[in-house]
Structure formats: C-alpha cells, structure tokens
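This report describes one part of a protein model. Please look at the sequence and the structure before reading on.

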Amino acid sequence: MDQKPGGERLDSLTGVLMRNAAEARIAAGMRERPGGTLFLCEVEGIRRINERRGYLAGDDCLRRAARLLSYMIRPEDILGRRSGAQFVIFMWDCGDAKLAGASAERIRNRFRADREKEGGKLPLSLTIVWTLREEGSTCGTLLARADGELARRRAGLEAAEDRNRRRKDRWAEDIRQVRRELLEQIRKPGAYCQDYEMFKAIYRFLARGIIRSGQKACVILLTLVSREGESPRLQEKDALMERLGEYIGDALRVGDVYARYSSCQYLLLVINTTKSQADLIAGRIREKFLSGGDDNDVLIHHCYDLEPAHMAEAGAEPGR
C-alpha cells in the first residue's frame, strides 16, 4: 500500500487516493471552504473485459482511466478510487450547474478522444454524474445523492440495452422465420416442377445471373404429338402428359426446373448444360416415354442455349 508524503493512503493499482483517504480529505476540505461539486465516474465494461481479456487487461484499463481523470483536475481538486471501476472527484471552484455540466462534458470528451487515439487498445467508456454542494451537505450526503443518480443512469442504460437486445432478438427471429419459410424439404431426387409463371421468373433470374457468372444453361421444349403430327386424342392426353411429367422429373437433376407449357408441351431448364448435352437428355426422356406407350405417340423436342439478359435501350419497344 503506497502513501503520499502526508501519510494518505494511495490505491496500489491506480496511484490515486484510496476511498477512505479521498472521502476524509473531501470531508476535511468541506469544513474549511465553501462550494464545490462532487463527481462520480464509473468506467463501463470492466467486468466484460475481465471475463473476455483477463484481469491484467482490466487492470490496464483502470490505470488508464485514473490517468485520464488526473489530467482533468487541478492540483487542489481531489481524485480517489472509490471501488472497482468507480472513481470520485471533488472540484472546489465548480459551484453551479453550468460549470458542473461543462466539466463533466470535458471529461467525457477526453475519454472519447482517448478511444479514437488509442486504436488497438481496449476502448474506455465512462458514465459520469455530479451533484452540487448545498447548504448543510456533508461528504456522505453528496455521495448518497451521486450513488442514486448513478444507479438511475445505469438502470436507464441497462433498459436501453435490454430494448436493443430484444429488438435484435426480434430481428434474429425474423431471419429464422425467413429461413424456415424459404427452406425446401426435398422429398425425393429429381427436378423442380413449377407452374409456367414461376418457370419464367426462374428463367429470367438465371438470364440476369449469367451476365456475371457465365454459367451455362439450356432450355428444352418437349412436344407430344401423334404420328400424324396432330395433338393426341383428348381422352388420352392428360394421362400421357402426367406420365411424361414423371419421366422428366426422374431424368433431370435436383437443380433443374420444368413446367407444363401447354396441354401437350413441357418446358425444361437444365443448368450447367450445353445444347448437345440437352439433346442427349431429351433423347433419354423420349426413349423412356415411348418404351412405355403405344406406337401412336411421338415426342419431339427443340432446345437452345440460355442467353444473358439484354439491357433494353431507352425508347426501344419490348422484345425488339
């Protein structure tokens, strides 16, 4: 335990007066001179620093805080470490609310400047309250008032943090809900069957994407006709198209998409596939489909490579 030349005890960690020594000097000074303001300062986040960075880091923060506070007072003012991360200051020539508020703001600004200057070091934040000396005040009553104000300030900060935490939790729940809504549980391997409007949206999304990615894709149109080149008989068409849809779903990969385009046509969008590969895919589907039916049905196909989306010129008509 260190001592000042006058015998006053100093805090061994920070080098400022210990709590009892500081309060004794404040009480003695109040008996001899009028005026003054008591400030109570608390360094924020020390417990968190101790838990995450270790006690040596926390001790370093307290030493820095004491040094910064000592820069902000005059030789006749009193600075002491009250407990933990809490410091007490008594300024004698600070006798009204305007001066007290300005002094508190100067201290806060000094800590802000330190945060900006220190860079890699642990940043210091300070909560500071003050109470003016009034007639009949003692050191004890001033400290009690300051403790009450600090507790209210701390409660307000904790309430704000709690609101922010709840808000963040609500937003986190939003993203979890989005994930649940968007996540698809794939029931079986095979392509992604959609209606034509959704197929068109996926097509356009990929067409935009390949501007940047250069990804290959191909579109296949499968058409079911009779050997005479006519549409199949109405009473047979739905059953034939349902069977064809099952063959398409099994033949394509999970990342591919297909949709019924008309009463006797399917559109397929196959990813990472060239036109020659698309011809082979259509051939496999035709072979399997025709092997399960009669000789009156024919399946023909047309395909083309998916091209990047084109930026329309100003004033140009759509599709031109």
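The model is a predicted one.

Strand β8, residues 217–226, pairs with β11 through nine bridges, and the sense is antiparallel. Within β11, L299 stands opposite L224. In general, the strands of a sheet pair through backbone hydrogen bonds, in either a parallel or an antiparallel way.

## Helices on the sheet

## Helix α8

Helix α8 covers residues 275–291. With 17 residues at 1.5 Å a residue, α8 should span 24 Å. The C-alpha atoms at its ends are 24 Å apart, so the model agrees with that expectation.

The buried residues of α8 are A278, I281, A282, G283, I285 and F289. Their cover includes β8, α7, β10 and β11. As background, an α-helix has 3.6 residues a turn, so residues three or four places apart point the same way.

## Aromatic pairs

How many aromatic pairs are there? The count comes to four. One of them joins Y247 and F289, with 6.2 Å from centre to centre and 75 degrees between the planes. This pair is edge-to-face, because planes over 60 degrees apart count as such.

Y247 belongs to helix α7 (residues 234–251) and F289 to helix α8, so the pair ties together parts that are 42 residues apart in sequence. Are these two residues buried or exposed? Y247 is buried at a relative accessible area of 17%, and F289 is buried at 1%. Both values are under 20%, the cut-off for a buried residue.

A further pair is made by Y258 and Y266, whose ring centres are 6.1 Å apart. Their planes stand at 55 degrees, so this pair is tilted. Y258 and Y266 are both buried.

Definitions and conventions:
Residues are numbered from 1 along each chain as its sequence is written. This is a predicted model: local features need pLDDT of at least 70, side-chain atom pairs count only at pLDDT 80 or more; totals for chains, interfaces and linings use all residues. Side-chain values use heavy atoms; hydrogens and water are left out. Rings of Phe, Tyr and Trp (its six-membered ring) pair if their centres lie within 6.5 Å; planes under 30 degrees apart count as stacked, over 60 as edge-to-face and the rest as tilted. Helices (H or I, at least four residues) and strands (E, at least two) are DSSP runs, numbered from the N terminus. Buried means under 20% relative accessible area, exposed over 50%, partly exposed in between (1.4 Å probe, protein chains only). Two strands pair if DSSP finds at least two bridges between them. The expected span of a helix is 1.5 Å times one less than its number of residues. Contact means heavy atoms within 4.5 Å.
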